[in-house]
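Please open the structure in a viewer and keep the sequence panel in view.

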Amino acid sequence: MILDNSDDPYRTEYQAICQLSVVATLDYEYMNLYTLVLFASDSTNLATINISVNLLPNNSKAPVFNLQPGTLSYQYVVNENEAVSILNGNSIVANDANIPATPLVFSIIPTGQEKLTSLYLTQSNNTVTIGIGSPGLVRDPPFGYSIYNFSIRATDQNGTGVSTYVPVSITVLDINNKGPIPTNSPWIMNEGILNPSILMTFTDFDDYAFNNTVPFTAQVISPPQFMLIPTLSFNGTFTLQYN
C-alpha cells in the first residue's frame, strides 16, 4: 500500500491505493502469463479480484551455437593454397534462445594477425558453412600460418540484436609447393683474386615437419665462368666459384 485516507477525519469510506511489485526476474520463455488473486478485508468482509499479468517478449538472450558434446569450438583441416567451397566437417548451427525467435546473421571476426580475406560464409536459415576462395590459405613463411584462428559471430534480430561468438580453427596442411630460394644475399666477390668464391645458402620454406623438403640441387645456368660446389646439398649451402 502506498496511500490511503485513514488520516482524513471527513471520510465516509476507507480508500487505499496499492502497488503490485515484482520481487524476482520474470522470464517470458518460462511463463508469459501470470494470473493473480488479490484480496482485501476489513476483518469482517473479504473481497477478491483476479488480475492477469501479460509479459512482453524482450531480446534478452544471445543466440546459442549447437556444438558437439565435449567440444568448445569448430575445427577444420585443409591443404594449403587450395580453394574449397565447403569445408569438410560439421556445419555451424546456432539458434535464437528468445521467444519468438528472430532471424540470425553470421559473420567472420578476426582474432589475430591471420589474413582471412579468402574466407566466406554461406548461410541457410540458422546454418552456415565456411568456404575458401582462390588462391586458398597460405601456410609457408613468411606470411602463412599453420593454423588460422578466428571467430564466427551470430547476431539475432537480423543482425541488429544480441550477439554471441564461437571459436573456429582451420589447420592448413603443408604441400611441397615452394622451390628453395637464396637467403644470404648480397653476394660480393673482390676483383684480382684467382678463383674467388662466396657461400650461397638456399632455404626451402616448405614445412620440415611434413617431410616435404628434399636435398637441394643447384646449378649455374649462365655464364659458364661460374660454378656451384657441390651440385647436391643436404643443408642448402653451396660455394659459388668463379673460374
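Helices (H or I, at least four residues) and strands (E, at least two) are DSSP runs, numbered from the N terminus. The model is predicted, so that local features need pLDDT of at least 70 and side-chain atom pairs count only at pLDDT 80 or more, while totals for chains, interfaces and linings use all residues. Residues are numbered from 1 along each chain as its sequence is written, and side-chain values use heavy atoms, with hydrogens and water left out.

**First stop: two cis peptide bonds**

Select Pro100, which lies in the loop between strand E7 (92–95) and E8. The peptide bond from Ile99 to Pro100 is cis, with omega near 0°. Then move to Pro186, in the loop between strand E13 (181–182) and E14. Here the bond joining Ser185 to Pro186 is cis as well, with omega near 5°. As background, most peptide bonds are trans, and most residues other than glycine have a negative phi.

**Second stop: two asparagines with positive phi**

Remain in the loop between E13 and E14 and select Asn195. Its phi is positive, at about 50°, although Asn195 is not a glycine. Asn195 counts as partly exposed, at 38% relative accessibility; buried means under 20% relative accessible area, exposed over 50%, and partly exposed in between (1.4 Å probe, protein chains only). Next, select Asn158 in helix H1 (residues 156–159). Asn158, also not a glycine, has a positive phi of about 60°. Its relative accessibility of 53% makes Asn158 exposed.

Display the strands E6, E12, E11 and E8: in the order E6-E12-E11-E8 they form an open sheet of 4 strands with mixed pairing. Strand E6 (74–79) and strand E8 (105–110) are at the edges; each has a single partner strand, so one side of each is left without a neighbour in the sheet. From one strand to the next, the twist averages 30° (axes are lines fitted to C-alpha atoms, for helices over the stretch in contact, and angles run from 0 to 180 degrees between N-to-C directions). Two strands pair if DSSP finds at least two bridges between them. E6 and strand E12 (residues 163–173) pair in the parallel sense over 6 bridges. Within this pair, select Val78, which stands opposite Val172 in E12.

Proceed to Ser107 in strand E8. Is Ser107 buried or exposed? Its relative accessible area is 19%, so Ser107 is buried. Leaving aside residues up to four places away in sequence, Ser107 touches Leu121, Ser151, Ile152 and Arg153, where contact means heavy atoms within 4.5 Å.

Which residue forms a salt bridge with Asp27? The partner is Lys61, the closest N and O atoms being 3.5 Å apart. A salt bridge is a side-chain nitrogen of Lys or Arg within 4 Å of a carboxyl oxygen of Asp or Glu, and the structure holds 1. The pair links distant parts of the chain, 34 residues apart: Asp27 is in the loop between strand E2 (16–17) and strand E3 (33–41), and Lys61 in the loop between strand E4 (46–54) and strand E5 (64–65). Asp27 is partly exposed at 29% relative accessibility, and Lys61 is partly exposed at 27%.

**Last stop: Pro215**

Finally, select Pro215, in the loop between strand E14 (197–203) and strand E15 (216–217). Pro215 is partly exposed, with a relative accessible area of 36%. Beyond residues up to four places away in sequence, Pro215 touches Leu232, Ser233 and Phe234.
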